[in-house]
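Visitor: I am new to this structure and would welcome a guided introduction. May I put some questions to you as we look?

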Amino acid sequence: MKKFKYITGLLCLLVGISCTKDFDEINTNNQGFTSDEVSAKYFLTSAQVGLYAPGRFEYWRAHLIHTDRFAGHFTFGMNQSWWADGLSYTYDPGYTDAAYDWLAGYFGNIKSFGDLTAEGGEFENQFMYAMSLIMKGLYYQMYTDTFGMVPFSEAGVEGVLTPKYDTQMEIYKGIIADLDTAMNIIGDEERTGLGIDDAGANDVYCGGDLQLWKKLANTLKLRLGTRALGAPGENFATQTITEAMSQPLLDAGSGSVTMKKDFVISEWTSSSYGDVWNDFGAGSDWTVSQPLINLLQDNNDPRLAIYAKPAKGGTFNFENDGDDDFMERVDFMEAALIAAGATYTRTDNGNTVVLEVPSGQYIGQPVRMNGLTMPYVRYDLFSTPSDAIIQPRGKEAEGYPEIIISSADSYFLQAEAAVKGIGSGDAQALFTSGIKEAMKLWNIGEGDADTYIASSAIADISVGTTEEKLEKIALQRWLASYTDGFEAWAVVRKTGYPQELAAGVNNQTIFELGTLNGAYPQRLRYGTGAQANPNFNAAISTQGPDAQGTKLWWAK
């Protein structure tokens, strides 16, 4: 199964790109490596890590400045921030290009691992090759759901320098075909090989467990089928969903597939929210959004104290220095307190308004406020992320792994299928299991989860219209995707929930209407470098204008 060729350049690459602490255990000497000392697994970690924890530059721009905020989880724009929360709602290629260049360029990492492990590759291993196909699926789902049409069928093909852009339907079908191939290769096998050929701890997603990889692939297949369902021209989604639900999926037994943070690798290679938070001071800090805090708080959700910290509170003086919209903006700040159910007092004295807000209350910051409103958005008025999210480098905290795909999402997708009449599953039972698995991601005990399920209407889909049930499933998926902004943003675009996000904004006194005149962003624009491909114009002609407001194929 494995064919070994001694190539000095390849071994130099092995030393250069592997970024796992296990690599220190490799016995190197002046004579180089022997065939029983090398394996494709030493190339695996670097191909995996950067997709979910890229370098600080990309993490900041792709995650925080774009997807996390479009997802409605985090907000900028408090009075000490470097930016108003309208940042990125007005197109800026300086930020979008960073996100595009990272994602468009990342394919090479996965393709290289696939080439090494494919039949005839330097480290031929059919089971690691199956893993590469699943990683390719994870990558392309993120890539296409961010930009829409991208090169797929001709990407990485030798001799093709300007690959065509495939439609999202073609890409989805291609991913599903790759996943089916990978699952067939894996079959009943449990490991990628023996000894040096066992991926083991170098596989930071599944620890070398091939059956967990198979469940991961099948759950991704279910996600793709669910997202494609009802899209124009699709004729495969129901069959895809049915096939996926007939095979093992991520569940309570397997748990979620996550990637533990690495606090040894340089943040320029693998970063986290904590790097941005702690490296730049208050200017780069952010707060937790009003939609997230209020949805948690209004339903007595035990994740509230895990996701966020209470606001510091204090005495906040607002003085009118000639702003014609002074009172409207102050009233808006007060409305945020009211929406959060906060205790406070307000005193009006001529051109001065004082809000006194006791500490210890969870208060979410409204999203997308403009630069003129920014001086009124006092930092200590609002909740900030929990220590688990913003831990400094070198000090690990419980509860914040990068989410690859969760067992919670597996159950929620099955519950959605049941509500839509696909399969014979018990929608409420599946929904309940999804909530419990979502709680486990953050180490919340089963007792607290049971209490929440028994007492919260948002956890009950045994009653109500079909649309009301689907809304609750969407909201739970959105909550469970906290820190996975790419997926949370996709949930909003596909389902239209939470409604307050999907509806956009229209009050230009308070909000940044941006390039979309207040509408909700549907995609990121391609990077400026994409226009060098002569197939770019054909993609725009098919998909629609290269604008944030152009809906993707599957979007509601």
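**Questions on a predicted model**

Visitor: Just after helix 20, which residue takes a positive phi?
Guide: Please bear in mind throughout that this is a predicted model. Helix 20 covers residues 536-543. Just after helix 20, a positive phi of about 125° is taken by Gly544.

Visitor: Why do the buried residues of helix 20 lie on the same side?
Guide: The buried residues in helix 20 are Phe536, Ala539, Ile540 and Gln543. An α-helix has 3.6 residues a turn, so residues three or four places apart point the same way.

Visitor: Which exposed residues does the face of helix 20 turned away from its buried side carry?
Guide: The buried residues of helix 20 pack against helix 5 (126-147) and strand 3 (165-166). The face turned away from that buried side carries the exposed residues Asn537, Ser541 and Thr542.

Visitor: Which element gives the largest share of the lining of the largest cavity?
Guide: The structure holds five cavities of 30 Å³ or more, and about 120 Å³ of space lies in the largest cavity. Two elements give two or more residues to the lining of the largest cavity, helix 5 and helix 18 (485-495). The largest share, five residues, comes from helix 5.

Visitor: How many residues of the lining of the largest cavity are charged?
Guide: The lining includes Asp145, Arg223, Asp484, Glu487 and Arg493. Its nonpolar residues number five and its polar residues two. The charged residues number five.

Visitor: Is helix 10 largely enclosed or largely open, and how many of its residues are buried?
Guide: The buried residues of helix 10 are Gln290, Pro291, Leu292, Ile293, Asn294, Leu295 and Leu296. They pack against strand 5 (287-288), helix 11, helix 12, helix 17 (466-480) and helix 19 (499-502). Helix 10 is therefore largely enclosed by the rest of the structure, its buried residues being seven of nine.

Visitor: Is Asn299 buried or exposed?
Guide: Asn299 is found in the loop between helix 10 (290-298) and helix 11 (304-307). Leaving aside its neighbours within four places in sequence, Asn299 is in contact with Tyr452, Ser456 and Ile458. Its relative accessible area is 16%, and the cut-off for buried is under 20%. Asn299 is therefore buried.

Visitor: Is Ile338 buried or exposed?
Guide: Ile338 has its place in helix 12 (residues 326-339). Its relative accessible area is 52%, and the cut-off for exposed is over 50%. Ile338 is therefore exposed.

Visitor: Which residue does a cis peptide bond join to Tyr497?
Guide: Most residues other than glycine have a negative phi, and most peptide bonds are trans. The cis bond here has an omega of about -5°.

Visitor: What is the relative accessibility of Asn517?
Guide: Asn517 is placed in the loop between helix 19 and helix 20. Although Asn517 is not a glycine, it has a positive phi of about 55°. Asn517 counts as exposed, with a relative accessibility of 59%.

Visitor: Over which residues does pLDDT stay under 50?
Guide: The mean pLDDT of the protein chain is 92, and 92% of its residues reach 70 or more. Where pLDDT is low, the predicted coordinates should not be read in detail. The stretch where pLDDT stays under 50 is residues 1-30.

How values were computed
Residues numbered from 1 in each chain as written. Predicted model: local features only at pLDDT ≥ 70, side-chain atom pairs only at ≥ 80, totals over all residues. Heavy atoms only, no water. Buried < 20%, exposed > 50% of the residue type's maximum accessible area, 1.4 Å probe, protein only. Helix = DSSP H or I, 4+ residues; strand = E, 2+ residues; numbered from the N terminus. Contact = heavy atoms within 4.5 Å. 1 Å grid on protein atoms, 1.4 Å probe; cavity = no way out; pocket = protein on both sides within 12 Å on 5 of 7 lines; lining within 4 Å. Points joined across faces, edges and corners; volume = space filled by probe spheres on them. Nonpolar A, V, L, I, M, F, W, Y, C, P; charged D, E, K, R; others polar. pLDDT = per-residue confidence, 0-100.
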